[in-house]
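Below is a briefing on one protein chain. Please read it beside the sequence and the coordinates.

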Amino acid sequence: MRSNQINPRKLIHSKWTATKPLGKAKHFIVTEVEFDQDGLVTSCLVEAVLSKRVANIQWKELKNQDQWIQGWK
């Protein structure tokens, strides 16, 4: 598995391309990231650019280049 390097503190407003479309959408932006008191990510919301559909994902999924590519490709 190839891995994207991600700093959880810099996830907000980052842009991503799904390698396999999610609900016919490929391009997403991270709109919300929540942290617990220890600074660990507890929630990560991505929004489809065109449809504005929002999905809650495990932020660590973004590290998997087989699923996600940083930026809009």
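The points below go from the whole chain to single residues.

This is a predicted model, in which local features need pLDDT of at least 70, side-chain atom pairs count only at pLDDT 80 or more, and totals for chains, interfaces and linings use all residues. Residues are numbered from 1 along each chain as its sequence is written, and side-chain values use heavy atoms, with hydrogens and water left out. The protein chain has zero helices and five strands.

**Overall fold and dimensions**

- The order of elements from the N terminus is β-β-β-β-β; helices (H or I, at least four residues) and strands (E, at least two) are DSSP runs, numbered from the N terminus.
- The radius of gyration of the protein chain is 12 Å, which agrees with the value near 11 Å that a compact globule of 73 residues would have. This radius is taken over C-alpha atoms, and the globule rule is 2.2 Å times the number of residues to the power 0.38.
- Along the principal axes, the C-alpha atoms of the protein chain fill a box of roughly 35 × 30 × 15 Å.
- Of the contacts in the protein chain with a separation of 6 or more, 44% are between residues 24 or more positions apart; contact means heavy atoms within 4.5 Å.

**Surface and charge**

- Among the 73 residues of the protein chain, 32% count as buried. Buried means under 20% relative accessible area, exposed over 50%, and partly exposed in between (1.4 Å probe, protein chains only).
- The accessible surface of the protein chain is about 5,000 Å², and carbon and sulfur atoms hold 51% of that area. Accessible areas come from the Shrake-Rupley method with a 1.4 Å probe, and for residues only the protein chains shown count as cover.
- There are 12 positive and 7 negative side chains in the protein chain, and the centres of the two sets lie 12 Å apart. Lys and Arg count as positive and Asp and Glu as negative, while His and the chain ends are not counted; the place of a charge is taken as NZ of Lys, CZ of Arg, CG of Asp or CD of Glu.

**Buried residues in strands**

- Thr 17 is in strand β1 (residues 15-22) and is buried, because its relative accessible area is 2%.
- The side chain of Thr 17 reaches the backbone nitrogen of Lys 73 at 2.9 Å. A polar contact is a pair of N or O atoms within 3.5 Å; within protein, one must be able to donate a hydrogen and the other to accept it, and residues adjacent in sequence count only if both atoms are side-chain atoms.
- Not counting residues up to four places away in sequence, Thr 17 touches Lys 26, His 27, Gln 67, Trp 68, Ile 69, Gly 71, Trp 72 and Lys 73.
- Ser 43, in strand β3, has a relative accessible area of 14% and is therefore buried.
- Leaving aside neighbours within four places in sequence, Ser 43 is in contact with Glu 32, Val 33, Glu 34 and Asn 56. Between the C-alpha atoms of Ser 43 and Gln 65, 22 residues apart in sequence, the distance is 20 Å.
- Ile 57 belongs to strand β4 (residues 54-57) and counts as buried because its relative accessibility is 10%.
- Beyond residues up to four places away in sequence, Ile 57 touches Cys 44, Val 46, Leu 62 and Trp 68. Its C-alpha lies 9.9 Å from that of Val 30, at 27 residues apart in sequence.

**Loop residues**

- Gly 23 is in the loop between β1 and β2 and counts as partly exposed at 48% relative accessibility. The C-alpha atoms of Gly 23 and Ala 48 are separated by 9.2 Å, and the two residues are 25 residues apart along the chain.
- Lys 24 is placed in the loop between β1 and β2 (25-35) and is exposed, with 85% relative accessibility.
- Lys 52 lies in the loop between β3 (41-48) and β4 and is exposed at 52% relative accessibility.
- Asn 64 is in the loop between β4 and β5 (68-70), and at 16% relative accessibility it counts as buried. A polar atom of the Asn 64 side chain lies 2.8 Å from the backbone nitrogen of Asp 66.

**Backbone angles**

- Lys 24 is not a glycine, yet has a positive phi of about 70°.
- Lys 52, also not a glycine, has a positive phi of about 65°.
- Most residues other than glycine have a negative phi.
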